[in-house]
Amino acid sequence: MRSRKRLNRRGKIAVSVLFIVLIVLISGLFGDNQKKLAKEKDNQAENTMAVIPFSVEPLVAFTDSTLSRSIIESTNEKSEVTRKKEYAKQNKIDQKENAIYLTFDDGPTNVTDELLDILSDYHMNATFFMVGPNIKQYPEVVKRMHEEGFGLALHGMTHDVYKIYRNETAPLEEMLENQEILSEVTGMSTEVIRLPYGSIPYLTEGMRYMLAQYNFKIWDWNVDSLDWKLNNKSYVQHTIQEIEEMKQKGLTPVILLHDRQETVKHLPKLLSYLKEQGYKTKILTNDSPPLTFPCEGRCRPVK
Amino acid sequence: MIAFSFILNGCQSSSKQVTKIEKVMDKATELEKEFSTTQLELLETRENARLLYYDLINLTISDKDLLHQKIEDGKTYVTKQQQLLDQAEESFNKAYNTSSKIEKSIKKMKDDAQKNEATKLLTVMKERKILMDTFFKDYHETLQLQKTFYQQLEDEKIDIGSLNQQILEINMRTQEMGKIIEEFNQYTRQYIEAEQDFYRASESDEPNYDA
């Protein structure tokens, strides 16, 4: 039987070295593969990890568009047809009653109490188009108006053409604020409004549309007393002449007056005339179809 | 000799994790390709929708037939964007869910340098995910606004103020989405760098046979 040969010392060292070299070689190959893959990876990453494109260009505002303007014009046209019909209907009723509408703008003031006293003495009614800050300044007289059955209406906040017409939403914003103030003082809400200096020429179609969306009724007038201009008793005679012209035309007078000292001073003379003629003074309400100056191409933004 | 074998075995273990991470990232990258492609389609559709909006608002209310057609086209673009957005969301989430699996491998890594680089990768991926989730949410809301806009026009429930407000909101969200994408793209660039750093770290503990 052959005896098993054993490795001598040199043999053992040789085998160990071979073993180590083998391990190192295998690891080296593996590392090479990793390097190659890493390089491939670099290329792949550049090709597939793309940044995302995205445009932030804004859309044009809808209100600035042709479509928006045509919608506004079309809506306003239809509203105007309706308004004229209803106003004509109301006018017939008013004519039968010999009605007349007295309106006082820009109050309340320090003479409003006196004005109310005069109207009460003559058993006559009127509608007051009031400015927000003035309502805050004279809340008691406004409460008195409400309690005694006078017409309460809105005239904005600033009475400044460059403020109230500064952009398309400005008239609406002023009237909403004015409405809020009046409601806080009296507990009542009104949709009856008059723009400072009237709706022509600065109340544009867009502004009218916005006000209509909130059910505001835009009131102008057909008799201008010119009390603000004449500033003396001559406004009374002028007003009487205008009233008679309206009567001849079969139209119910809506008179523009102002809550101011000189007007109040000579008011009894005007009221006496109205009494003699048997006029019935009525107030404007949310249900009254308004007398509004139509644009008919005359409206333009304030410069 | 045995001890030396064990040391070499430790190295092999880190290499094993690197290999695993590689495979996962390969797959995730492939899925992100789909996401990128869909985003390009979304960009194109969005641009077409924008041009259509300009055509629409240049009509007048009396152009009834043309108006109706544009409204229908507008609604179609909204639907198309919705579909593409859902697709993009799905492929991005798949890519992210795949790539987040590297977290397990990172925990098993013994080499600190490799582990740090891999952790950076993971962190950047998470940031991208947060941003993209916000982007998708905003985009969905924007599409809802567009849908409402066209529906109101179609129903002739025309409130100029309301229609305009929707456009203003869409514009506001567009700006926000733009910022998100800008940030996302920065993270994408960081991701590319982090990936390269990771592979460099993976190479550095191998014997240098080029010397």
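Residues are numbered from 1 along each chain as its sequence is written, and chains are lettered from A in the order in which they are written. In this predicted model, local features need pLDDT of at least 70.

Me: Why are H3(A) and H11(A) called roughly parallel?
Reply: The axes of H3 (residues 112–121) and H11 (residues 261–276) of chain A cross at roughly 15° and come within 10 Å. Angles under 35 degrees count as roughly parallel and over 145 as roughly antiparallel, so H3(A) is roughly parallel to H11(A).

Me: Which residues make the contact of H3(A) with H11(A)?
Reply: Contact requires C-beta atoms, placed from the backbone, within 7 Å. H3(A) contributes Glu114(A), Leu115(A) and Ile118(A), and H11(A) contributes Val264(A), Leu267(A), Pro268(A) and Leu271(A).

Me: What makes up this contact of H3(A) with H11(A) by class?
Reply: Ala, Val, Leu, Ile, Met, Phe, Trp, Tyr, Cys and Pro count as nonpolar, Asp, Glu, Lys and Arg as charged, and the others as polar. On that basis the contact has six nonpolar, no polar and one charged residues.

Me: How do you know whether H2(B) and H4(B) are roughly parallel or roughly antiparallel?
Reply: H2 (residues 64–99) and H4 (residues 112–154) of chain B pack at about 165°, their axes 10 Å apart. H2(B) and H4(B) are therefore roughly antiparallel.

Me: Which residues form the contact of H2(B) with H4(B)?
Reply: Among them are Ile71(B), Val78(B) and Phe92(B) of H2(B), and Met125(B), Phe136(B) and Leu153(B) of H4(B). By class, this contact has twelve nonpolar, six polar and five charged residues.

Methods: Predicted model: local features only at pLDDT ≥ 70, side-chain atom pairs only at ≥ 80, totals over all residues. Axes fitted to C-alpha atoms, helices over the stretch in contact; angles between N-to-C directions. Helix = DSSP H or I, 4+ residues; strand = E, 2+ residues; numbered from the N terminus. Parallel < 35°, antiparallel > 145°, perpendicular 65-115°, else oblique. Contact = placed C-beta atoms within 7 Å.
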